[in-house]
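Please look through the structure below with its sequence at hand. The text after it goes from the overall build to the helices and then to single residues.

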Amino acid sequence: MKNRIKVLRAEHNMTQADLAIEVQVSRQTINSIEKGKFDPSLPLAFKISRLFGLPIETIFLEE
């Protein structure tokens, strides 16, 4: 699944570690999601969308 997490992090001056702390996962999990190697669980996708104030479908894109 494609996503805009890396772009959103840059816009908010956040590192992978910063985002990981905010959504309570490891930095490696954020890295894997950004690279498309791992799809987030629905609860994690909701946490990320709430953090950035955007709908899930704006962050996570169907291929």
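The model is a predicted one. Its protein chain has five helices and two strands, and from the N terminus on the elements run β-α-α-α-α-α-β. The C-alpha atoms fill a box of roughly 25 × 25 × 20 Å along the principal axes. For 63 residues, a compact globule would have a radius of gyration near 11 Å, and the 10 Å of this chain agrees with that. Of the 63 residues, 33% count as buried. The accessible surface is about 4100 Å², and 53% of that surface belongs to carbon and sulfur atoms. Among contacts between residues at least 6 apart in sequence, 52% join residues at least 24 apart.

Helix H2 spans residues 16-23, and its buried residues are Gln-16, Leu-19, Ala-20 and Val-23. Viewed down the axis of H2, these buried residues fall within an arc of 100 degrees, so they line one face of the helix. An α-helix has 3.6 residues a turn, so residues three or four places apart point the same way. The face of H2 turned away from the buried side carries Ile-21 and Glu-22, which are exposed. The buried residues of H2 pack against helix H1 (5-11), helix H3 (27-34) and helix H4 (42-52). Just after H2, Gln-24 has a positive phi of about 60 degrees.

Ile-30, Ile-33 and Glu-34 are its buried residues. Down the axis of H3 they fall within an arc of 100 degrees, so they line one face of the helix. They pack against strand E1 (2-3), H1, H2, H4 and strand E2 (60-61). After H3 comes Gly-36, with a positive phi near 75 degrees.

Which residues have the most contacts inside the largest nonpolar core? This core has 15 residues, and those with the most contacts inside it are Ile-5, Leu-19, Val-23, Ile-48, Phe-52, Ile-59 and Phe-60. H1, H2, H3, H4 and helix H5 (56-59) each supply at least two residues of the core. H4 gives the largest share, four residues. In soluble globular proteins, nonpolar side chains tend to be buried together. Ile-5 shows how parts of the chain meet: leaving aside neighbours within four places in sequence, Ile-5 is in contact with Leu-19, Ile-33, Glu-34, Ile-48, Ile-59 and Phe-60.

Glu-34 lies in helix H3 and is buried, with a relative accessible area of 17%; the cut-off for buried is under 20%. The side chains of Glu-34 and Arg-9 are joined by a polar contact of 2.4 Å. Not counting residues up to four places away in sequence, Glu-34 touches Asn-3, Ile-5, Lys-6, Arg-9 and Gln-16. Ser-49 lies in helix H4 and counts as buried, at 7% relative accessibility. With residues up to four places away in sequence left out, Ser-49 touches Leu-54, Pro-55, Ile-56 and Ile-59.

Technical notes:
Residues are numbered from 1 along each chain as its sequence is written. This is a predicted model: local features need pLDDT of at least 70, side-chain atom pairs count only at pLDDT 80 or more; totals for chains, interfaces and linings use all residues. Side-chain values use heavy atoms; hydrogens and water are left out. Buried means under 20% relative accessible area, exposed over 50%, partly exposed in between (1.4 Å probe, protein chains only). The arc is that of the directions from the helix axis to the C-beta atoms. Contact means heavy atoms within 4.5 Å. A nonpolar core is a set of buried Ala, Val, Leu, Ile, Met, Phe, Trp, Tyr and Cys residues joined through side-chain atoms within 4.5 Å. The radius of gyration is taken over C-alpha atoms; the globule rule is 2.2 Å times the number of residues to the power 0.38. Accessible areas come from the Shrake-Rupley method with a 1.4 Å probe; for residues, only the protein chains shown count as cover. A polar contact is a pair of N or O atoms within 3.5 Å; within protein, one must be able to donate a hydrogen and the other to accept it, and residues adjacent in sequence count only if both atoms are side-chain atoms.
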